[in-house]
Amino acid sequence: MTLRPLTFVVGTGRCGSTALSRVLRLHPDLLSVSELIAALEPDALPEAPLTGAEFWRILATPRSFANRVIRDGIPLPEYRYPHVKGRFSVAGGGIPALCMMTLPHLTDDPDALFDALEPELSRRPAAPVADHYRALFDLLGERFGRRAVVERSGYSLRSVPRLREVFPEARFVHLHRDGADCALSMSRHPGFRLIQLMTERAETTESLPAGLEALLSDDDADLRPLYERSVPVAEFGRLWSHTIVAGLAHLSQLPAGTRMSLSYESLLDAPGRELTRLAHHLGVEPLPEWLAAGSALLDGDRRGSAAATLPPAELAALRESCAPGARALSLTGAG
């Protein structure tokens, strides 16, 4: 097995990381692994050694939340499998976690790749979970001719300590975006509306209304009322700030040479410069043709503040709720 250089792109989510994954996929030496850890939560990184068959079950088991979202017709653009002509379906028993986002990012035929991986991974002997992931990355790297691996999952800043523990050799890239714009994007995303609700549920001393509690606990309930409820956008600013402050504390514990900060706005303003810097951190060459293709792809992303279009009072409240996270970024030199 080849031990390929491994880097995790971490962030708050809604910070431009999906666009970055598309750019990374264009580099001939990079295996861009999109949303793998996120897709496998909450079972992605077990502590005890496990057999190959047990690891494969983690990859292949459908996740209840993903199936509920698709069943209820709630749009999550990250869920790519429903848009391919695959054999798995929610009605037919669920879509394997590995197929939902990760494999369609790599191939137009995720079912064939899923079938090819199963016998190779299932027969592996008992080992720490990191060894099984390295075997998975090795198989994918061989198949697509890539020598370095970059995994990118949304809302992954919170996972830095565990990722570092499991993969001590890994490098990290912290991708961040203006807090108000990021929080506004979170407020419009069904997944983050649920994350905000769960955060509210954990922090409040009062229980949520009975109707919301019932929706959270009943797998057969329609989730749409959870996403349609009115929530001030400043609440998502608080979520962003909390995630940034805690995440920067995690990142500060890593050796300086293993971590890099990358601003989404800088990536749009100076893609050639920032992609060159990123390539060096990932251990690959900033190939001119890749820089050109990546710059062209990023040029399609919108530059400018979406939050600036909010009513003044709402924008002021949002900026205030983002202030702790913005200060924390500024103190690191990343703001």
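This is a predicted model: local features need pLDDT of at least 70, side-chain atom pairs count only at pLDDT 80 or more; totals for chains, interfaces and linings use all residues.

Visitor: At what angle do H10 and H14 pack?

Guide: Helices here are DSSP runs (H or I, at least four residues), and strands are E runs of at least two, numbered from the N terminus. H10 covers residues 179-187. Axes are lines fitted to C-alpha atoms, for helices over the stretch in contact, and angles run from 0 to 180 degrees between N-to-C directions. The axes of H10 and H14 are 8 Å apart, and the angle is about 115°.

Visitor: How many nonpolar residues are in the contact of H10 with H14?

Guide: Contact means heavy atoms within 4.5 Å. H10 brings residues including Cys-182, Leu-184 and Met-186, and H14 brings Phe-236 and Trp-240 among them. Ala, Val, Leu, Ile, Met, Phe, Trp, Tyr, Cys and Pro count as nonpolar, Asp, Glu, Lys and Arg as charged, and the others, Gly among them, as polar. The contact has no charged residues, 3 polar and, as the number asked for, 8 nonpolar.

Visitor: Is H14 roughly parallel or roughly antiparallel to H18?

Guide: H14 (residues 233-251) and H18 (residues 312-331) pack at about 0°, with axes 8 Å apart. Angles under 35 degrees count as roughly parallel, over 145 as roughly antiparallel, 65 to 115 as roughly perpendicular and the rest as oblique. So H14 to H18 is roughly parallel.

Visitor: How many charged residues are in the contact of H14 with H18?

Guide: Arg-238 in H14 and Glu-314 in H18 are among the residues that meet. By class, the contact holds 14 nonpolar and 4 polar residues, and the charged ones number 2.

Visitor: What kind of aromatic pair do Phe-55 and Tyr-133 form?

Guide: Rings of Phe, Tyr and Trp (its six-membered ring) pair if their centres lie within 6.5 Å; planes under 30 degrees apart count as stacked, over 60 as edge-to-face and the rest as tilted. Phe-55 sits in H3 and Tyr-133 in H8, 78 residues apart. Their ring centres are 5.0 Å apart and their planes lie at 80°, so the pair is edge-to-face.

Visitor: Is Tyr-133 buried or exposed?

Guide: Buried means under 20% relative accessible area, exposed over 50%, partly exposed in between (1.4 Å probe, protein chains only). The relative accessible area of Tyr-133 is 1%, so Tyr-133 is buried.

Visitor: How far apart in space are Leu-45 and Tyr-133, C-alpha to C-alpha?

Guide: Leu-45 is in the loop between H2 and H3. Leu-45 touches Tyr-133, and also Ile-37 and Phe-167 among others. Leu-45 and Tyr-133 are 88 residues apart in sequence, but their C-alpha distance is 9.7 Å.

Visitor: Which residue does a cis peptide bond join to Glu-41?

Guide: The omega of this bond is about 5°. The partner is Pro-42.

How values were computed:
Residues are numbered from 1 along each chain as its sequence is written. Side-chain values use heavy atoms; hydrogens and water are left out. Lists of a residue's contacts leave out its neighbours within four places in sequence.
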